[in-house]
Amino acid sequence: MKSKLDRDKDLEILNWLAPIDYSPQQSDYIIRRQPGTGQWFLNSAEFQTWLKSDKQTLFCPGIPGAGKTILSSIVVDHLNVTFGNDASVGIAYIYCSYQEQQEQKPEDLLLSLLKQLAQKQLAMLTNVEHLFKRHKTKQTRPSFDEIIQTLHSTIQLYSRAFIVIDALDEYHGSNRDGQNRLLSAVFNLQNQTQLNLFATSRYVEEITSQFKRCTSKEIRAQDDDVLRYVNVRIPQLLRSQISKHPKVQDTVRKDVVKAADGMYVHHSANVSAEPD
């Protein structure tokens, strides 16, 4: 068992790797999920094949408002529930819409993935510790190639690894080059390791073209999911007089589900505040 001094050292290394922490976003999104929503996706043949097979990519495009981010959080939660106690399986994720005002460099996003994968294997942090020692005293940051090499060696500590990247279309780089470098790096890692990739995006040709040979499943708000959300919200939204009339409530439910047409209704319509 590691001493407190050793644990503090590990924490220092992990914090040095990447200050970005996506876990608050994950917690916020999954708390806002209505129970049962997204189950259609988890049960789908495409997802089950991705989950149970190695070196698989599942790309999930969707229109604005379809609930892609909530679905990504459901996938992350499912992975954590399924493999969270299995030290041989690595899980890491990125929400590209995080800190929208900041440019997101591919190096920073890859370092965040490295941090998440490393912290589950703290007993085997030798490769990350070497990276830390190489740069800490000089106050420099790892190069792109160093990050990729360390990610590669870290992923190899696992029998399987999963990476989830949400909202690629919201990647806040200075240009498309950063996005392309990020995807190219992850695809190359997948070619060399037991890595599964899950990614979402709006329909953007530059992005969808990079996944044309991968399994794809469109994300659309399902009628059952919208109905679950509306059933919870009706008592909060309808005035007491209307809430006493079941037939009126049924009409409201049907109209909202019909109007949704593959999207979760926006918060301005007072029905849903679910992220895209």
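This is a predicted model: local features need pLDDT of at least 70, side-chain atom pairs count only at pLDDT 80 or more; totals for chains, interfaces and linings use all residues.
1. Overall make-up. The protein chain has 13 helices and five strands. Of its 276 residues, 49% are buried. Among contacts with a separation of 6 or more, 82% join residues 24 or more positions apart.

2. The nonpolar core. The largest nonpolar core holds 69 residues. Those that touch the most other members are Trp50, Leu79, Leu110, Leu151 and Phe211. As general background, nonpolar side chains in soluble globular proteins tend to be buried together.

3. Leu110 in detail. Leaving aside residues up to four places away in sequence, Leu110 touches Phe144, Ile147, Ile148, Leu151, Leu182, Ala185 and Val186. Leu110 is also one of the α6 residues in the contact with α9, and its partner Leu151 is one of the α8 residues in the contact with α9. The next two points take these helix pairs in turn.

4. Helix α6 against helix α9. The axes of α6 (residues 106–118) and α9 come within 9 Å and cross at roughly 35°. From α6, the contact uses Pro106, Glu107, Leu109 and Leu110; from α9, it uses Gly178, Arg181, Leu182, Ala185 and Val186. Sorted by class, this contact of α6 with α9 has six nonpolar, one polar and two charged residues.

5. Helix α8 against helix α9. Here the axes of α8 (residues 144–155) and α9 (residues 176–192) come within 10 Å and cross at roughly 35°. The crossing of α8 past α9 is right-handed. On the α8 side the contact is made by Phe144, Ile148, Leu151, His152 and Ile155, and on the α9 side by Arg181, Ala185, Leu189 and Gln192. The residues in the contact of α8 with α9 comprise six nonpolar, two polar and one charged.

6. The buried face of α7. Helix α7 (residues 126–136) has the buried residues Asn127, Val128, Leu131, Phe132 and His135. Why do they line one face of the helix? Viewed down the axis of α7, the buried residues fall within an arc of 140°, so they line one face.

7. The buried face of α2. In helix α2 (residues 23–32), the buried residues are Gln25, Gln26 and Tyr29. Seen down the axis of α2, they fall within an arc of 100°, so these residues too line one face of the helix. What do the buried residues of α2 pack against? Their partners are α5 (68–83) and β2 (89–95).

Key. Residues are numbered from 1 along each chain as its sequence is written. Side-chain values use heavy atoms; hydrogens and water are left out. Buried means under 20% relative accessible area, exposed over 50%, partly exposed in between (1.4 Å probe, protein chains only). Helices (H or I, at least four residues) and strands (E, at least two) are DSSP runs, numbered from the N terminus. The arc is that of the directions from the helix axis to the C-beta atoms. Contact means heavy atoms within 4.5 Å. A nonpolar core is a set of buried Ala, Val, Leu, Ile, Met, Phe, Trp, Tyr and Cys residues joined through side-chain atoms within 4.5 Å. Axes are lines fitted to C-alpha atoms, for helices over the stretch in contact, and angles run from 0 to 180 degrees between N-to-C directions. A crossing is left-handed if the near helix is turned anticlockwise from the far one by less than a right angle, and right-handed if clockwise. Ala, Val, Leu, Ile, Met, Phe, Trp, Tyr, Cys and Pro count as nonpolar, Asp, Glu, Lys and Arg as charged, and the others, Gly among them, as polar.
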